Amino acid sequence: MAHEFIEHLLEDHEEQRQMGEEIRHAMDLDERKELWEEFYEELSGHLLGEEASIFPFLQEVGGETTMEADKALQEHHVAKLLIRELQDVSMDGDTWLAKVKVLDDMNRVHIDAEERIHFPKLVQLCTPDQLDDLFEQYEEAEEEAEEEETI
Ligand SMILES: [Fe+2]
Ligand SMILES: [Fe+2]
């Protein structure tokens, strides 16, 4: 049984995969709006949560682990750029749909890499107490993200 923080992150990823699948097939505008709100909330909290917890920790490790964390943070940066652009583009147009597909495609590659590289590294390097602390930092940032208008 994995630590509850890792379980939480994996559950978030599963939700993101399902939401991404739904949103790219939603052709009705009201449905898109509703799904986008859910996807946005899930993704923004998760991105900011990870940026406040696992990645600062992994960046401190050094070597390949630091380089992989740097890369993941750049992927977060690009995801945020796309999210901001999506909020400025008309939701009933083809451009919005194309952009949301790119966001979903990129996010899938990103979360697969987190599960393959970063989470096992955390489990290897952290004591359960350290994972508790990282979970706390994650949740604080996630809560703050909910209060923000945009990421
Ligand atoms: Fe991430
Ligand atoms: Fe993640």
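How many helices and how many strands does the secondary structure of this chain come to? The count is six helices and zero strands. The model is a predicted one. Read along the sequence, the pattern is α-α-α-α-α-α.

**Overall form**

The radius of gyration of the chain is 16 Å, close to the 15 Å that the globule rule gives for 151 residues, so the chain is as compact as a globular protein of that length. Its C-alpha trace spans about 45 × 25 × 25 Å along the principal axes. Buried residues make up 26% of the 151 residues. Now take the contacts between residues at least 6 apart in sequence. Of these, 71% join residues at least 24 apart.

**Helix H4 and its cover**

Helix H4 runs over residues 63–88 and has 26 residues. From its first C-alpha to its last, H4 reaches 39 Å. That is close to the 38 Å expected at 1.5 Å a residue.

Which residues of H4 are buried? They are Ala69, Ala72, Ala79 and Ile83. An α-helix has 3.6 residues a turn, so residues three or four places apart point the same way. The cover over the buried residues of H4 includes the helices in this table.

| Helix | Residues |
|---|---|
| H2 | 29–51 |
| H3 | 54–59 |
| H5 | 94–125 |

The largest nonpolar core has 13 residues. Within this core, Phe5, Ile54 and Leu134 touch the most other members. Several helices each supply at least two residues of this core: H1 (4–23), H3, H4, H5 and H6 (128–147). What does Ile54 contact, leaving aside its neighbours within four places in sequence? The partners are His118, Leu122 and Leu134.

Another core lies apart from the largest one. This other core has 11 residues, among them Leu48, Ala79, Ile83 and Val100.

**A look at Ser44**

Ser44 lies in helix H2. Is Ser44 buried or partly exposed? Ser44 has 19 C-beta neighbours inside 10 Å, so Ser44 counts as partly exposed. A residue needs 20 or more to be buried.

Which residues does Ser44 touch, not counting those up to four places away in sequence? Ser44 touches Ala145 and Ile151. His110 is 66 residues from Ser44 along the chain. The C-alpha atoms of Ser44 and His110 are separated by 14 Å.

Terms used. Residues are numbered from 1 along each chain as its sequence is written. Chains are lettered from A and ligands numbered from 1 in the order in which they are written. This is a predicted model: local features need pLDDT of at least 70, side-chain atom pairs count only at pLDDT 80 or more; totals for chains, interfaces and linings use all residues. Helices (H or I, at least four residues) and strands (E, at least two) are DSSP runs, numbered from the N terminus. The radius of gyration is taken over C-alpha atoms; the globule rule is 2.2 Å times the number of residues to the power 0.38. A residue is buried if 20 or more other C-beta atoms lie within 10 Å of its own, exposed if 12 or fewer, and partly exposed in between; C-beta atoms are placed from the backbone. Two residues are in contact if their C-beta atoms, placed from the backbone, lie within 7 Å. The expected span of a helix is 1.5 Å times one less than its number of residues. A nonpolar core is a set of buried Ala, Val, Leu, Ile, Met, Phe, Trp, Tyr and Cys residues joined through C-beta atoms within 7 Å.
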